[in-house]
Amino acid sequence: MVPTAENFDLVIIGGGPAGYAAALYGASAGLHIALIERAKLGGTCLHVGCIPAKELLETAAVYRTVSRAGEFGINAGSPSVDFGVTQARKQQIVDQLTTGLTGLLKRRTVTLFDGTGTLHPGRVVRVSGGASGEVELTGDHVLLASGSVPRTIPGFEVDGRFVVTSDELLSLQTLPATAVVIGGGAIGCEFASMMADLGTEVTVLEALPKILPGCDDDITKLVTRAFSKRGIEVRTGVTVTGHTPGEKTTVVALGDGQSIETELVVVSVGRRPLSETLGLEGTAVEVTERGHVVVDERCRTAEPGVYAAGDLIATPALAHVGFAEGMLVVKDVLGEDPLPIAYDRVPWCIYCHPEVAFAGLSEEAAKEAGYDVVTAKQRYGGNGRAMIVGDNEGMVKIIAERNADGGAGQILGVHMVGPWVTEQLGQAYLAVNWEATAAEVAQFIQPHPTMSEVFGEAAMALTGRSLH
Ligand code: FAD
C-alpha cells in the first residue's frame, strides 16, 4: 500500500548536477525538499562524465610530464601505464565525492528517495522500483532533472567489446592498441587525446567539416595540428555505415567505401535527453521529437509549478549549466524574479591536450550574427610561465565589436587553446558576461609570471598598444 502523500515545497526528480544543485541551493534558502534518484547521486557528471573523464585525462598529463622529465634534469626512466591502478584512483575520487555529496544533502535536511520518480497530474510524484519502495509525494513545485544518456548510431550497437560509448570507455581495465572515435566533439576529442597519450593509435572520424563545433576556426585548426603531431589522425567530412567484427579487431566501413581495422570503436555522437522515465501522462508537460522537455526562459514547463533543467532541456549540455538552471528554478520558486541565463555566453572547457576554453561568440559566429568585428590573437609561445612549464603551444583570441572609430569596443567572445586554459577562462568569462570593452579589460593588471598575461596582452593589443 502506498503511504499518504507527503507534501514538499519542491520535489526534484533526478540527482545529477541540475537536481542536486537545486536541492542544495533550495535547502540553504529554507525550502523543504525531496530529491529522487534511481541510480547514483551525482548523475552522469560524477559517475560517467566530467569527473572520471578528467581523472583519466590527468593520468595522461602525468604520463606526458614523466616522459619529458629528462628535459628538466629529472631521471625518471621510461614510464609505463598500469591502467588498473588508474581506474582504482578514478573510482576512489568518484566514491569520495559521492559520499561528500550524499552527506551534504543529508546535512541540509534534503529528504532523499531511492527509486524512479514519475510525474502525474496535480504535481503528484510517485516513487517506485528502488530501496524507498512505493511512495507518493506532492510538491508545491516539481523539478524534472532526469538528464541524458549517450546517443548511439545504427550499425554500431554497443556490445562492450568492440563498440563502446563513454559509459563503458570510462571503466575499461586495459586500453586498446588501436581505437576509432566516431565524433569529434568535446567528449570525442578528450577521449582521443587521453588514449593517444597513453599509447593507443587513435583515429577520429567526424561527419562535419571540422572537429570541435562551436570553437573559433583558429582554435580548431591549432588543435587539429597538435593532434596530428601527436599521431592522432583526424578525418573530417567522413560518415560511417557499420562494422564487421573479427576475432580480435573489427572493421569500420566508411561512407566513401574505405575501411579502418581497429580494436575498439568509441561512439561519441552526443547525448539524448532521458524524458521517457518521467511518466508525464495527463500533464501539460511538452516533450519535443528529440526528447527534450520544453521550457521558457525560467525553466518553466507548460504544467503550472513544474520546471525542467539540465540535459533534459535543449540548452548547452554542461554540468555547470545544470547548476545554474537548478539555482534559477529555486529563485523563481522563491519569487525572486531571476535573470534568464545568457546561453550564448556560458563557459565551455575541453580538457584534451592542448586544452580549449571559450565563452561567447567565435569570429565566424559573430560575423554571422551581423557584427562588424575586430580580433586580436596572442600566442603562448613567448610566455615565460608557459615556457617554464614546457607547454607553450596555443593562443588566446579575443573577438570584439568594431567601434565607429574603427577601434575595438565590447568583447563578444574569448576563445583559448593551450596550457591550462580551462583554469584561465574565468576572467574571459567575466569580461564577456559583464559586456566589458577591450579598453576596460586592458586596464587590469595580470600577475607575472602567469599564463593569464597572454589574455591581458590580447586585450591590450585591441587598444592599439601592447608590451610584447
Ligand atoms: P544527469 O547528470 O544525467 O543526471 C540525471 C540523473 O537523473 C541521473 O542520476 C539519473 O539516474 C536520474 N534519473 C533519470 N530518470 C529518473 C527518474 N525518473 N527518477 C529518478 N531519477 C532519475 N559537463 C561539463 O560541464 N564539463 C565537463 O567536463 C563534462 N565532461 C563530460 C564528459 C563525459 C564523458 C560526459 C558523458 C559528459 C560530460 N559533461 C561535462 C556533461 C555533464 O556530465 C552533463 O551535462 C550533466 O551531468 C547533466 O546534468 P543533469 O543533472 O542534467 O543530468
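The ligand is surrounded by 38 residues (a residue is near if one of its heavy atoms lies within 4 Å). The closest are Glu37, Thr44, Lys54, Asp311 and Ala319. The model is predicted, so local features need pLDDT of at least 70 and side-chain atom pairs pLDDT 80 or more, while totals for chains, interfaces and linings use all residues. Numbering starts from 1 along each chain as its sequence is written, and side-chain values use heavy atoms, without hydrogens and water.

The shell comprises 16 nonpolar, 16 polar and 6 charged residues (nonpolar: Ala, Val, Leu, Ile, Met, Phe, Trp, Tyr, Cys, Pro; charged: Asp, Glu, Lys, Arg; polar: the others, Gly among them). Domain 1 (4-150 + 272-343) and domain 2 (163-269) both contribute to the shell, so the ligand lies between them. Domain bounds come from an automatic or database assignment.

Polar contacts are pairs of N or O atoms within 3.5 Å. A ligand nitrogen is 3.2 Å from a polar backbone atom of Arg38. A ligand oxygen lies 3.3 Å from a backbone N or O atom of Ala317. For the side chain of His320, an N or O atom is 3.3 Å from an oxygen of the ligand. The protein covers 94% of the 1,000 Å² of accessible area that the ligand has on its own (Shrake-Rupley method, 1.4 Å probe).

An open sheet of 5 strands, with antiparallel pairing, runs in the order 18-19-22-21-20 (strands pair if DSSP finds at least two bridges between them). Strand 18 and strand 19 (residues 355-360) pair over 3 bridges.

Terms used: A polar contact is a pair of N or O atoms within 3.5 Å; within protein, one must be able to donate a hydrogen and the other to accept it, and residues adjacent in sequence count only if both atoms are side-chain atoms. Helices (H or I, at least four residues) and strands (E, at least two) are DSSP runs, numbered from the N terminus.
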